[in-house]
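Please read the points below with the sequence and the model side by side. They are meant as a colleague's note, and each one takes up a single part of the fold.

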Amino acid sequence: MNTPAGQASGTTGPKPPQESWLMRLLGRLGLRDTATVREDIADALAQGSQIADLSPQERAMLSNVLKLRELKVADVMIPRVDIISVPADANLGVLLALFRTAGHSRLPVYGETLDDPRGMVHIRDFLDFLAARAESTQKGRRKAVPDAPNLGTVDLSAALASAKILRPVLYAPPSMPAVDLLLRMQATRTHMALVIDEYGGTDGLVSIEDLVEIVVGDIEDEHDLDEGPSIAPAADGRFTASARATLEELRAVTGVDLSDAAIAEDVDTLGGLIVTLAGRVPTRGELVKGPDGLEFEVLDADPRRVKRLRVHRRLADDVSQSAPIVAVPVAPGATGTPAP
């Protein structure tokens, strides 16, 4: 009897393929034959008893992986107003100063505005360029140890464009699934993407770190500033908050749920809520009356956005559901006005 090529004599057939980790996990959960694997895994993670050998951190990461499919690029992007960027006509000295204060290793580069992106500059490419320009060796002699680069010989007034160290960035629409952008970043080895709206304007920025943090949680390095919680209790039952704090964070900390309020239907953050209530961007020191007896005091703002605020409740006799919501300027030096 002839033995098929590649098959040892006495064997009954080819060796079955090794099971993937996902199939082994599904087998342990008893989910192999189900058509709704995602839903059953989510239910098993919620119950916890079926996978007791997984730590809470592992359960949280698996849950985040399942949620990643539902997120869009718009859900994870850094908004345009928070993008730290450098103009293409800046000189090397400006770029060096910006890298010192930005706390990022990559900066987008633009032409006239952010709507005219030219690419990005990586701090490693920048340092390589400076070191190459600063290298000094004695002609006609070989040295076992080369001279240290003399940075004083580098012309920092030279234009960034002349250095030719720009790298391309990816472009993604806000509606693109976040997981698709992550896979595209991996395939192209590009760690930065600009979010472009339907008219070609820049809406925001996404880094690969932003996408990875969806699964593993915040990744903070030694250069990240400790800004504290988004909403923190203050004296007399008040709260100080970042304007980027969400309405869900407000509910979790204060117990006030604004999700059902008509004014909050189209906003996600406290900053968006205040701008909607006032009908404009309020200035520093203004008081904005909100629903459920809340009052928001603007602690920090610029002409484009609110940055920080204080949340407190109005007195019971001042609360009226029918009263109009207005922004009231506070005179400098008046009670409740933040110190300069």
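1. Contact here means heavy atoms within 4.5 Å. With that in mind, and not counting residues up to four places away in sequence, Asp125 touches Ile165 and Arg167. Asp125 has its place in helix α6, residues 123-134, where helices (H or I, at least four residues) and strands (E, at least two) are DSSP runs numbered from the N terminus. Asp125 counts as buried because its relative accessibility is 17%; buried means under 20% relative accessible area, exposed over 50%, and partly exposed in between, with a 1.4 Å probe and protein chains only.

2. A word on the source: this is a predicted model, in which local features need pLDDT of at least 70 and side-chain atom pairs count only at pLDDT 80 or more, while totals for chains, interfaces and linings use all residues. Residues are numbered from 1 along each chain as its sequence is written, and side-chain values use heavy atoms, with hydrogens and water left out.

3. Three strands, in the order β2-β3-β4, form an open sheet with mixed pairing, where two strands pair if DSSP finds at least two bridges between them. The edge strands, each pairing on one side only, are β2 (86-87) and β4 (117-122). Between β2 and β3 (residues 106-110) the pairing is parallel, over 2 bridges, and Val86 stands opposite Val109 in β3.

4. Helix α5 (residues 92-102) lies across β2, β3 and β4 and runs at about 135 degrees to β3. The axes behind this angle are lines fitted to C-alpha atoms, for helices over the stretch in contact, and angles run from 0 to 180 degrees between N-to-C directions.

5. Which residues form the stacked aromatic pair? They are Phe99 and Phe126, at 5.9 Å centre to centre with 25 degrees between the planes; rings of Phe, Tyr and Trp (its six-membered ring) pair if their centres lie within 6.5 Å, and planes under 30 degrees apart count as stacked, over 60 as edge-to-face and the rest as tilted. Because Phe99 lies in helix α5 and Phe126 in helix α6, the pair ties together parts that are 27 residues apart in sequence. Phe99 is buried, with a relative accessible area of 8%, and Phe126 is buried at 1%.

6. Asp302 lies in strand β11, residues 294-302. The side chain of Asp302 reaches the backbone nitrogen of Arg305 at 2.8 Å. Not counting residues up to four places away in sequence, Asp302 touches Val281 and Lys307.

Conventions
Polar contact = N/O pair within 3.5 Å; in protein donor to acceptor, adjacent residues only side chain to side chain.
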